[in-house]
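Please read the following briefing with the sequence and the structure at hand.

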Amino acid sequence: MKRFLLSVLAVVLLLVLGLGGLFASAFIGNAPIQPGLVDGFIHVVPDSYVTANILDCGDGKVMLIDAGDDKAGKAIIAELAAMHLDVHAVAAIFLTHGHGDHVGAVPLFPDAKTYALQADVALAEGRTGGQGPLARVMPVKPTGVRVTRGLVDGEVVQVGNRALHVFAIPGHTAGSAAFWVDGALFLGDSAGASNDGKVRPAPKVFSDNTDENRASIKALPARLAAAHLDVKTLIFAHTGRLQGLKPLVDFAAQY
Ligand SMILES: [Zn+2]
């Protein structure tokens, strides 16, 4: 009996250590989140361990790329106030994917159209759960989000004076997207920046399919070049940012 209990204890300990290791690898060595104004029109807003982005679209209108974890949207609303704007200024919200820590404040903006790639619409609305090792065991519940329309790979959506280009990059989730807006490339959780200036793939513990994620990221530089889109800044949801396309090209060479 004692031996049996000891083996159970050993298995539990190994599971805890394994999961702990996966967690640690997701966070250790990341470049820290950098709030602030980027390229003169992007306000990077930290919301605890994630970021939302407010993009100036002219004429007192903005778009959001992701909406943070906080359902009260405190950080986003405070940044809008600092820009002398309120919740009505948000004309559109683009979700890099449907995980809960990116859709939190979506229901707070009554005039916004909300967009996600079609494959992540049900996840964003909380009608289905995530498929990653951790997400699979989390309860599924409605998020209060209503996606206005599912996006399609390759489409361009105009909001005020900004044109947003959509790239499907499945892997972190089935409907993960990268968005290019005037030289900034938003990668959500599909990649991150290490504190030595390299692009890292999506962390395994939070992702549906890491092989697919790496393949999607590897393919991006050629797809951007084919669309004649230059990249000045790489913006990630959970880490600091990187300059230029080179870190992404180096990633493609490495993996
Ligand atoms: Zn995610």
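Methionine 63 stands opposite alanine 92 in β5. The model is predicted, so local features need pLDDT of at least 70 and side-chain atom pairs count only at pLDDT 80 or more, while totals for chains, interfaces and linings use all residues. Residues are numbered from 1 along each chain as its sequence is written. Strands (E, at least two residues) and helices (H or I, at least four) are DSSP runs, numbered from the N terminus.

**Partners of β4**
- Strand β4 (residues 62-65) and strand β5 (residues 90-94) pair in the parallel sense over four bridges; pairing requires at least two DSSP bridges between two strands.
- Isoleucine 65 stands opposite phenylalanine 94 in β5.
- Strand β3 (residues 50-56) runs antiparallel to β4 and is joined to it by four bridges.
- Aspartate 56 stands opposite valine 62 in β4.
- The hairpin of β3 and β4 has five residues between the strands, and glycine 58 in it takes a positive phi near 85°.

**Burial**
- Val62 and Leu64 on one side of β4, and Met63 and Ile65 on the other, are all buried (20 or more other C-beta atoms within 10 Å of the residue's own, with C-beta atoms placed from the backbone).

**The whole sheet**
- Seven strands form an open sheet with mixed pairing, in the order β1-β2-β3-β4-β5-β6-β7.
- β1 (36-38) and β7 (149-151) stand at the edges with a single partner strand each, so one side of each has no neighbour in the sheet.

Methods
Buried ≥ 20, exposed ≤ 12 C-beta atoms within 10 Å, placed from the backbone.
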